[in-house]
Each structure stands twice: as structure tokens, then as C-alpha cells.
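Please look over the structure below together with this briefing, which takes up its sheet and the packing of its helices.

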Amino acid sequence: MIESLLVANRGEIARRIIRTARRLGVRAIAVHSEADADLPFVAEADEAVCVGPANPAQSYRNTEAILDAARSTGAQAIHPGYGFLSENADFARTVEASGLIWVGPGADAISAMGDKINARNLMSAAGVPVAAGTTEPATDLAAAVAAAEEIGYPVMVKAAAGGGGMGMGVAVDEAALRTEYDKVRAFAERMFGDGSVLLERYFPRVRHVEVQILGLADGRVLALGERECSVQRRNQKLVEESPSPAVSPELRSRLLAAAVRAGEAVDYRNAGTVECLLDPASGEFFFLEMNTRLQVEHPVTELVHGIDLVEEQLRVAAGLPPTFDPDALTSRGHAIELRVNAEDPKRFLPGPGTIKTWVEPTGEGVRVDSGYAEGNTVTPFYDSLMAKLIVHGRDRNEAIARARTAVAAFDLSGPKHNLPFFAELLENQEFLSGDYDTTIISRLR
């Protein structure tokens with residue numbers, strides 16, 4: 001097993017990775033910005049290094065500072081978590097060229113799946129269903145208009161290099177396309193340094209379902225069930241559950257098989273997620289993108305399968321077999337994750353501030369992955385995620401009941417937060433029925 005691990009991230013995911021590392025006897029090294037010096041993940045690491053000021057470009061995205069921290073602390077490996085440098089192929093190559101172990105997929109796989117157009121073309125060649133769309137960038141507005149006419153309106157306009165629900169817009173006609181194309185292209189250039197734009201078929205009513213994959217050290221790719229991620233605001237997830245209430249055994253078989261083909265097409269190693277759109281009317285699903293990292297919502301997969309995905313990541317990176325028998329993997333019960341964000345529960349706008357009260361819920365089937373504690377300040381420099389409240393039950397009804405109890409018991413004050421929204425959602429008949437889609441929040445707000 002790896003003996004020392006530098007966690008190149010912050011908040012709840014850094015704390016969660018450190019927890020597994022310490023359980024395994026792996027020396028855990030944290031890096032942090034000046035703004036995060038007082039957060040729990042820093043105190044819980046065996047060693048911590050400040051890598052710069054609050055601005056992520058000068059700290060958590062500062063590759064030289066992170067590599068310097070790894071060298072100065074004698075780290076053997078780097079785990080990037082999610083976000084920041086986790087899907088940066090150049091950083092992965094630099095880590096390995098420095099003689100360190102990269103806890104993630106190979107740089108070639110990250111690069112291949114990081115460009116959405118290239119990823120769509122690869123998946124289509126591998127026999128993975130792909131929605132109608134462009135096979136090369138729409139280099140100008142005229143090309144975008146021509147592509148939209150061929151695909152048929154409405155179309156989704158997307159940044160080819162984007163991710164995390166950012167850099168997207170919907171065009172219902174040519175006039176809207178002209179506006180959305182310019183907006184998406186400008187955003188993509190500003191955020192990703194790449195203004196490439198793709199168009200694909202837009203489904204007015206669709207579910208967002210993804211499959212957790214794990215590429216083993218021996219070359220096999222496993223599919224560890226699916227997650228439902230359709231409760232979203234601004235194309236970003238708020239609630240995830242596993243298994244999906246929309247997926248039948250027959251559909252699950254096809255969905256998981258397609259995810260395995262996707263991983264095999266890029267010789268995938270380590271943890272990753274194949275994201276798909278599911279048309280509830282036809283039962284068709286289509287490849288959306290592959291996230292070449294650990295997902296925010298990985299705990300629901302852990303709870304229904306009884307495994308620790310971070311431990312499995314470390315074992316793959318070390319060339320070791322998994323802790324479980326790949327041929328006898330089973331799932332049990334139902335899990336739900338609620339992302340507790342520092343944002344108002346009506347319009348979901350950020351609401352940073354100092355935490356006055358922080359009492360996490362406890363009880364059977366309740367897990368909290370948190371990045372903060374009482375007295376900490378949620379700053380405006382980073383994502384608004386404060387904690388993930390995850391529950392597990394024998395079935396979906398029990399999981400929902402435990403989620404209701406846990407939400408009511410989570411005593412949080414100071415920053416604005418979205419716990420009241422979750423209390424409302426968990427009583428909503430559309431959500432309770434399991435027959436909901438990505439537009440459910442628009443009917444609640």
C-alpha cells in the first residue's frame with residue numbers, strides 16, 4: 001500500500017480522503033490556502049502545508065506549489081479529489097514524471113474524455129449510445145446554425161472543454177441559438193481557455209443517470225451500479241440516490257454494460273463516472289460525458305455496495321487487487337445524498353458567512369461528510385458545498401424517512417443554507433413517487 005499521500009484539495013473531500021488514509025495507516029498530508037488554515041481537514045492531517053492565498057489559481061490550482069509541497073514532505077502519491085486539478089491531464093503527467101504516484105486514471109484517458117466532442121466520437125465508435133449532435137466543433141455561428149438545423153431544435157449548446165454543469169445553454173430556435181452560442185463561447189474561453197462549442201439534441205424532459213466505474217489494476221473495468229442525479233439547479237446536482245427509481249433490471253443491465261464499454265474504450269484505470277441522459281418516455285439513454293475522477297456523490301455507491309471507493313482508488317494506484325471479489329459484488333438497500341450548501345433555499349444564491357451553530361445529525365443509516373465545524377467561516381472563494389448528508393435504508397421509503405429525520409436534526413446557523421429546501425423536497429409527491437426529472441425544481445420554485 002502507498003505509505004504517504006498528499007491530498008491536493010480542500011474541504012469535505014480532503015477530509016474524507018484523509019479519513020481513509022489514516023484508517024489504512026497511510027501518512028496523510030494536506031495542502032491548504034491561507035483562507036482555509038482553520039478548517040478541520042488541515043487539523044486532521046498528519047502534516048499540512050500552506051500553498052498560497054485564497055485565490056484558487058494561486059493555491060489549489062498552483063501546480064508548482066503543490067509539487068513543492070509533495071517534495072518537501074516526502075509524499076509518495078497525490079490524490080486530487082474532485083475539481084481543481086483532478087481532471088488536468090498535464091498535471092497528472094507532471095506528477096508521474098516527478099516520480100510520484102497519481103491516484104486517478106491515466107493522463108491519456110483524462111485527455112481523451114476531457115474534450116466532449118472527442119469523447120462523443122470515441123463512445124459512438126465503442127457502441128455506446130450517443131445523442132444526435134456535432135462530431136466536430138462549431139467554429140462559427142454559421143456552422144452552429146447549420147448543425148442545429150440538421151439536429152433539429154431544441155438543441156443544447158455546450159462548451160466542449162466544460163464540465164460540472166458549466167458552460168451550457170438551450171436554444172429553441174435560431175434567434176436563441178445566436179444568443180446562446182456567443183454566451184457559451186465567451187464563457188468557455190474565459191473559464192476553460194478553449195472556446196470550442198458543440199451542439200447536441202436537447203430533451204425537454206430527461207433524467208440524469210450515471211454509472212460508477214472502477215478500472216482495476218489488472219485491466220478489468222467494473223460497473224458499480226447507477227446513481228440518479230436529476231434534482232438539479234442550474235444544471236448542477238443537489239440530490240443523488242442509488243439505485244435510480246427510474247431504472248428497471250433490464251435497463252440497468254444495458255446501462256452498466258455501456259459504461260463498461262466506455263471505460264474499456266480508453267483503457268480506464270481507477271474510479272470514474274459515465275454520465276448519461278435517460279429519456280423516460282422511450283427508455284433510451286445517451287452518453288453525456290465521463291468524469292475522470294472521484295465524484296461528489298460517491299458515498300451513495302459506497303453505502304449500497306459496502307465498499308470504500310477511496311481505499312479502492314489507492315489500491316488500484318498501488319497496483320493491488322480490490323478488497324472485494326469483482327465477480328461477487330452485490331448491492332443492498334437504498335442510499336440518498338443531500339448536498340448541504342451555503343446558499344439560500346429559494347433562489348440558491350451563495351450565502352457565505354461564519355458558522356455559529358453546527359450540530360450534525362446521527363443515528364442508524366446516517367452519515368455526514370463535512371468540510372466545516374462550528375466557528376469556521378464559509379468564504380466566497382470556493383464552491384458553496386459545506387457538507388454531504390447521506391442516508392441508507394433497507395429500501396427507498398426507509399431512506400427517505402431517515403433523510404427527513406436527519407434534515408430536521410441538522411442544527412446549522414450562520415451562513416444561509418439549503419436544508420429548508422430538502423425538508424420541502426422530501427415531502428414533495430413528485431419526488432416521493434420516484435417519477436421526476438431534471439425540471440423538478442422549476443415546479444418547486
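Two strands are counted as paired if DSSP finds at least two bridges between them, and strands (E, at least two residues) and helices (H or I, at least four) are DSSP runs numbered from the N terminus. This is a predicted model, in which local features need pLDDT of at least 70 and side-chain atom pairs count only at pLDDT 80 or more, while totals for chains, interfaces and linings use all residues. Residues are numbered from 1 along each chain as its sequence is written, and side-chain values use heavy atoms, with hydrogens and water left out.

**The sheet**
- An open sheet is formed by 5 strands in the order S3-S2-S1-S4-S5, with parallel pairing.
- Strand S3 (47-52) and strand S5 (101-102) stand at the edges with a single partner strand each, so one side of each has no neighbour in the sheet.
- Strand S2 (residues 27-33) runs parallel to S3 and is joined to it by 5 bridges, and His32 has Cys50 in S3 as its bridge partner.

**Packing of H7 and H8**
- Helix H7 (residues 141-151) packs with helix H8 (residues 174-192) at an angle of about 135°, their axes lying 10 Å apart; axes are lines fitted to C-alpha atoms, for helices over the stretch in contact, and angles run from 0 to 180 degrees between N-to-C directions.
- Leu141, Ala144, Val145, Ala148 and Glu149 in H7 meet Glu174, Leu177, Arg178 and Tyr181 in H8, where contact means heavy atoms within 4.5 Å.
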